[in-house]
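Let's read a model together, one feature at a time. Have the viewer open and follow along.

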Amino acid sequence: MNFPKPLKKGDNVFLLCPSSPVIAEEDIKKCSEIIENMGYNAVIGKSLYENYGGYMAGSAKIRVDDLHEAFSREDIKGIFCVKGGYSASQLLDKLDYNLIANNPKVFAGYSDITNLHIVFNQKCNLGTYHGPMVKSNMFNDFNEYTEKSFFEAIECSEWKYKEPENKSLSLLNAKNINDSVSHIKGILTGGNLAIIAASLGTPYEIDTKDKILFLEDVDEKIGSLDRMLTHLKYSGKLDDCNGIILGNFADCKNTYETINNQIYELDELLKDFFGNYDKPVIYGMESGHAKPYMATLPLGAECKINIKTKEITFTK
């Protein structure tokens, strides 16, 4: 997997919205200021000024043109997504994957950007970063943990996942894992569960064979999570992977009425669903939509997990 050279002070970073629009024009100025304060030069894509249908940052052509410009320009060293939302999947059949593969850049984002992570990893052999976005995370929530994790991922060739205080990892299905299994490893892939499930059956579906699958989501009902996980199971993606890491599932609650005051929330769903699964499921990684902490994950890097200690190491 090709991970581009780390960014350095003075580099040009291209800002774009592959999915939903930035609504307020003052936010565009703030995006630029944040990047400048990091020591980079902000290059603003046309998609930041576009709003089509309320949920798209301009037409698919405008967003594709932004991506093609960012990857083709030699003076651009990094590409930061400003926000997620909806509609990045519209771009997948219009991208020049040879152009992207031949001009690797540091690429960061998450949520709907999972659409792009999957194809950049699989079609372009480009390592990417499941990490904070400029408007979504850097306006108010770019705390010390999130910032340190972001730059550590971009700059280091090998590092260990660090848990925020009082946010420990657990092995969800420990009773199913043979005591002789001490480590698992594989290329890290994944992202937003809803996007991954929607990709199945298309030319852009995720490949989990012999990989470590990371999953997170936001604002989904328990029943929807159940349906999407079951879809992954029936498609063979959970059997294909070597293990699973579960990030946070922000505001994913049970809105259904239970009887006898039964408690059935996210933890209960996950324990039921993975109750008979015989590969390690690591639960509690602080990466996804929940605030304030967000660990940046190198999609396409090797991920090694010590099952006994829950230590996770990434190697590019």
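**Reading burial, backbone and core**

Nine of the eleven residues of H4 are buried, so this helix is largely enclosed by the rest of the structure.

Q: Which residues of H4 are buried?
A: A residue counts as buried when its relative accessible area is under 20%. Keep in mind that this is a predicted model. In H4, the buried residues are Thr-114, Asn-115, Leu-116, His-117, Ile-118, Val-119, Phe-120, Asn-121 and Cys-124.

Q: Where is Ser-111 found, and what is its phi?
A: Look in the loop between strand S4 (106-109) and helix H4 (114-124). Ser-111 has a positive phi of about 65°, although it is not a glycine.

Q: Is Ser-111 buried or exposed?
A: Its relative accessibility is 11%, so Ser-111 counts as buried.

Q: Where is Asn-166, and is it buried or exposed?
A: Asn-166 sits in the loop between strand S6 (158-160) and strand S7 (170-171). Here too phi is positive, about 65°, in a residue that is not a glycine. With 73% relative accessibility, Asn-166 counts as exposed.

Q: Why look for nonpolar side chains that are buried together?
A: In soluble globular proteins, nonpolar side chains tend to be buried together. In this model, the largest nonpolar core has 50 residues, and Leu-15, Phe-80 and Ile-312 have the most contacts inside it. Helix H6 (residues 144-155) gives the largest share of this core, five residues. At least three residues of the core come from each of domain 1 (12-142) and domain 2 (158-315).

Q: Which residues does Ile-312 touch?
A: Leaving aside residues up to four places away in sequence, Ile-312 touches Trp-159, Lys-160, Tyr-161, Leu-169, Ile-245, Ile-282, Met-285, Cys-303, Lys-304 and Ile-305.

Q: How many residues are in the second, separate core?
A: That core has 29 residues, including Leu-215, Leu-229, Leu-246 and Leu-269.

Note on methods
Residues numbered from 1 in each chain as written. Predicted model: local features only at pLDDT ≥ 70, side-chain atom pairs only at ≥ 80, totals over all residues. Heavy atoms only, no water. Helix = DSSP H or I, 4+ residues; strand = E, 2+ residues; numbered from the N terminus. Buried < 20%, exposed > 50% of the residue type's maximum accessible area, 1.4 Å probe, protein only. Core = buried A, V, L, I, M, F, W, Y, C linked by side-chain atoms within 4.5 Å. Domains from an automatic or database assignment. Contact = heavy atoms within 4.5 Å.
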